[in-house]
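Biologist: Could we go through this structure together? I would like to begin with charged pairs and then move to other topics.

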Amino acid sequence: MEKAVSGNKPFYEMLLLVIMMVAAAFFFPKLLGIVSIIPILYFFIENKARKHSIKEPVFKHKDIVQDLKTTWIPFVTVAFFLQFIYFWLFTNFSPELITQVKERTSFITSFDTKIVLTLLILALGEEIVFRGLIQKRLNWKLSAFPSILMTSFVFALLHISDGTPVTVTMDLSTVFIDSVFFGYLFYKTQNLYISWLAHALGNITAAFLLIYFI
């Protein structure tokens with residue numbers, strides 16, 4: 001477990017941000033996008049104010065190549081392999097899940113430079129919040145495995161969308177599995193570049209399959 005830099009206050013601030021996002025997701029879903037920007041702003045402002053970035057760097061551009069070498073199997077698994085597996089299972093055994101995913105990602109209407117950049121930016125924002133903030137601070141209080149699981153549960157919860165209980169549960173289970181991989185990559189490397197690249201490539205791969213093979 002990691003030691004908190006400034007006592008318990010940053011930890012409870014993180015919990016408050018989580019509660020705020022979950023409340024927005026369930027009671028004010030149209031505001032979730034705006035509300036989700038607040039933890040990103042908090043991450044950078046609070047890091048600078050308390051100088052976490054010096055003591056606990058999470059963006060390590062010099063280590064990207066080495067970190068990729070040491071984690072390439074889980075990286076490739078979540079960025080590509082799992083996305084093809086989900087797609088194959090959904091199209092062959094549960095077509096309604098494809099509809100569920102397409103409705104949840106309705107902003108993906110074409111596969112072009114704009115959507116790729118959008119997915120890169122969205123993945124970066126989510127990794128800052130869920131790995132750089134939530135998982136890292138949970139790891140102050142808990143060991144790595146429960147920190148990853150709890151972060152992934154919240155991550156999946158915030159991807160909830162309308163649908164039947166079965167399809168929603170199955171859809172969110174894939175989001176949860178992906179998040180566990182992202183969390184593991186961050187835990188092993190403490191480098192947000194690695195979990196971000198895996199996250200973004202996973203989303204881009206899924207978008208490519210939805211656009212060209214449905």
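This is a predicted model: local features need pLDDT of at least 70, side-chain atom pairs count only at pLDDT 80 or more; totals for chains, interfaces and linings use all residues.

Biologist: How many salt bridges does the structure hold?

Modeller: The structure holds three. One of them joins Arg137 to Glu46, with the closest N and O atoms 2.6 Å apart. That pair links distant parts of the chain, since Arg137 belongs to helix α8 (residues 113-141) and Glu46 to helix α3 (residues 37-50), 91 residues apart.

Biologist: Are Arg137 and Glu46 buried or exposed?

Modeller: Both Arg137 and Glu46 are buried.

Biologist: And which residue meets Arg104 in a salt bridge?

Modeller: The side chain of Arg104 meets that of Asp171, at 2.8 Å from N to O. Arg104 lies in helix α7 (residues 95-104) and Asp171 in helix α10, so this pair ties together parts that are 67 residues apart in sequence.

Biologist: Why does Asp171 count as buried?

Modeller: Asp171 counts as buried because its relative accessible area is 1%, and the cut-off for buried is under 20%.

Biologist: What does Glu127 form a salt bridge with?

Modeller: Glu127 pairs with Arg131, and their closest N and O atoms are 2.7 Å apart. Both residues lie in helix α8, four residues apart, which is about one turn of the helix. An α-helix has 3.6 residues a turn, so residues three or four places apart point the same way. Glu127 is buried at 1% relative accessibility, and Arg131 is buried at 0%.

Biologist: Back to helix α10. What is its reach from first C-alpha to last?

Modeller: Helix α10 (residues 165-189) has 25 residues and reaches 36 Å, close to the 36 Å expected at 1.5 Å a residue.

Biologist: What phi does the residue just after α10 take?

Modeller: That residue is Gln190, and its phi is positive, about 50 degrees.

Biologist: Changing topic: which residues make the nonpolar surface patch?

Modeller: The patch is made by Phe26, Phe27, Phe28, Leu31, Ile34 and Ile160, with an area of about 650 Å². Leu31 sits in the loop between α1 (9-27) and α2 (32-35). With 42% relative accessibility, Leu31 counts as partly exposed.

Biologist: Where does Thr205 lie, then?

Modeller: Thr205 is part of helix α11 (residues 192-212).

Biologist: Why is Thr205 called buried?

Modeller: Thr205 is called buried because its relative accessibility is 9%, where buried means under 20%.

Biologist: What does the side chain of Thr205 reach?

Modeller: The Thr205 side chain reaches the backbone oxygen of Leu201 at 2.7 Å. Leaving aside neighbours within four places in sequence, Thr205 is in contact with Ala79, Phe80, Gln83 and Phe84.

Biologist: What separates the C-alpha atoms of Val65 and Thr169?

Modeller: Those C-alpha atoms are separated by 36 Å, and Val65 and Thr169 are 104 residues apart along the chain.

Definitions and conventions. Residues are numbered from 1 along each chain as its sequence is written. Side-chain values use heavy atoms; hydrogens and water are left out. Patches are made of residues with over 30% relative accessible area and no salt bridge: like charges are joined within 9 Å, nonpolar side chains (Val, Leu, Ile, Met, Phe, Trp, Tyr) within 5 Å. Accessible areas come from the Shrake-Rupley method with a 1.4 Å probe; for residues, only the protein chains shown count as cover. A salt bridge is a side-chain nitrogen of Lys or Arg within 4 Å of a carboxyl oxygen of Asp or Glu. Helices (H or I, at least four residues) and strands (E, at least two) are DSSP runs, numbered from the N terminus. Buried means under 20% relative accessible area, exposed over 50%, partly exposed in between (1.4 Å probe, protein chains only). A polar contact is a pair of N or O atoms within 3.5 Å; within protein, one must be able to donate a hydrogen and the other to accept it, and residues adjacent in sequence count only if both atoms are side-chain atoms. Contact means heavy atoms within 4.5 Å. The expected span of a helix is 1.5 Å times one less than its number of residues.
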